[in-house]
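Me: Please walk me through the side-chain packing here. Keep it brisk.

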Amino acid sequence: MPRLVMKFGGTSVADLERIRNAATRVRREVENGYEVCVVVSAMSGKTNELVGWVRDTSVLYDAREYDAVVASGENVTAGLMALTLQEMGVPARSWQGWQVPLRTNSMHGGARIESIDTTMLDQKFSEGLHAVVAGFQGISPEGRIATLGRGGSDTSAVAFAAALGADRCDIYTDVDGVYTTDPRITKKARRLDKISYEEMLELASLGAKVLQTRSVELAMRYKVRLRVLSSFSDGPGTLVCDEEEILESRVVSGIAHSRDEAKLTLISVADRPGIAAAIFGPLAEAGVNVDMIVQNIGADARTDITFSCPVDEVPRARRALEEAVAEGQIDYRGLDVDEEVAKVSIVGIGMRSHAGVAHKMFAALASESVNIKVITTSEIKVSVLVDRKYLELAVQALHDAFELEKIS
């Protein structure tokens with residue numbers, strides 16, 4: 001029988017009524033002839049509550065015990081989903097990550113999946129039983145529960161789809177698909193019927209909240225077809241698939257934004273071989289997520305280096321740079337920090353074969369008097385930093401310029 005993985009996020013299983021609604025969708029796919037593996041998140045708000053309990057108990061908490069606590073949210077949902085399916089006449093049982101087992105590395109709180117042994121799942125499928133698996137969790141080499149980090153249930157679902165050879169992985173959430181941009185910013189935003197793995201990966205990494213970045217990476221690596229659907233309405237959703245499945249590559253498919261960015265400029269840095277490594281090494285060790293990097297043309301053996309990072313990581317960045325100066329690793333004459341910027345990006349696989357896309361983007365922003373502070377590009381993306389107060393205006397201008405309301 002064909003197999004299907006169905007993942008339900010926290011808002012989709014927020015209470016017993018919503019669990020019954022999700023179970024009804026599972027039963028429908030069972031009646032369509034699928035062997036179904038359901039992957040569930042914790043009920044909406046539950047993980048935050050559990051994390052709060054841990055932090056209130058211990059400031060310098062043991063990450064292994066943190067995982068033991070926060071993983072319990074998914075365990076509850078899995079059991080309730082299995083019970084609900086049984087009440088609906090669907091043979092099902094729940095599985096915690098360690099029972100499958102889904103094996104991870106030892107990085108508690110942000111573990112990576114190493115392998116999934118599907119032997120027992122295969123056996124239960126052959127007996128007519130469907131699986132409900134607690135997402136977000138697995139078992140470490142030391143035999144401890146390990147969690148996969150925020151959004152880890154998406155990653156779990158894609159990994160199970162790859163391991164089980166599923167036809168597709170359906171991600172049920174509170175939106176009915178992937179949109180050209182955030183519908184809260186522009187009413188002209190349109191739901192996309194299909195989007196390529198590469199485009200979705202860029203959008204996810206640039207601020208789109210629909211799918212977790214690691215889940216898209218896994219899907220692209222193992223060619224798992226993803227479908228993003230609403231738990232609260234019927235509709236086709238958006239299919240995330242190979243570029244070859246999209247008949248015509250759109251020049252721009254979507255616009256992503258990240259509101260809480262900061263721009264840091266090291267002024268008059270000693271311009272010598274290895275200076276970039278000397279700057280960004282300590283930042284990496286401090287856990288600063290550096291994004292856009294620009295180095296100016298040097299003069300008199302000095303140069304300026306600008307980079308961006310999340311605004312809440314600025315204190316860590318400052319401390320790391322100050323320590324690097326104190327240790328003689330780097331030398332600069334000033335640090336300019338702008339914490340009122342936002343990142344806006346256009347993404348599309350059609351950029352590979354169309355010239356003038358960047359110019360069109362810059363012209364659209366210029367027409368609205370939006371000043372660009374930093375620019376970075378890749379094969380299918382152009383990102384800019386702008387003043388945060390112009391974020392919505394920039395997104396709307398670009399959506400209009402590329403006529404994204406006409407695509408689907």
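**Rings and a helix face**

Reply: Arg-93 lies over the face of Trp-95, 3.5 Å from the ring centre. A charge sits over a ring if NZ of Lys or CZ of Arg is within 6 Å of the ring centre and within 35 degrees of the ring normal. This is a predicted model: local features need pLDDT of at least 70, side-chain atom pairs count only at pLDDT 80 or more, and totals for chains, interfaces and linings use all residues. Residues are numbered from 1 along each chain as its sequence is written, and side-chain values use heavy atoms, with hydrogens and water left out.

Me: How many aromatic pairs does a search of the whole structure find?

Reply: Rings of Phe, Tyr and Trp (its six-membered ring) pair if their centres lie within 6.5 Å; planes under 30 degrees apart are stacked, over 60 edge-to-face, the rest tilted. The search of the whole structure finds 3.

Me: Are the rings of Tyr-61 and Tyr-66 stacked or edge-to-face?

Reply: Their centres are 5.1 Å apart. The planes meet at 15 degrees, so the pair is stacked.

Me: Is Phe-307 buried or exposed?

Reply: Phe-307 forms an edge-to-face pair with Phe-280, at 5.6 Å and 80 degrees. Buried means under 20% relative accessible area, exposed over 50%, partly exposed in between (1.4 Å probe, protein chains only). Phe-307 has 1%, so it counts as buried.

Me: Which residues of helix α11 are buried?

Reply: Helices are DSSP runs (H or I, at least four residues), numbered from the N terminus; α11 spans residues 357-367. Its buried residues are Val-357, Met-361, Ala-364 and Leu-365.

Definitions and conventions: Helices (H or I, at least four residues) and strands (E, at least two) are DSSP runs, numbered from the N terminus.
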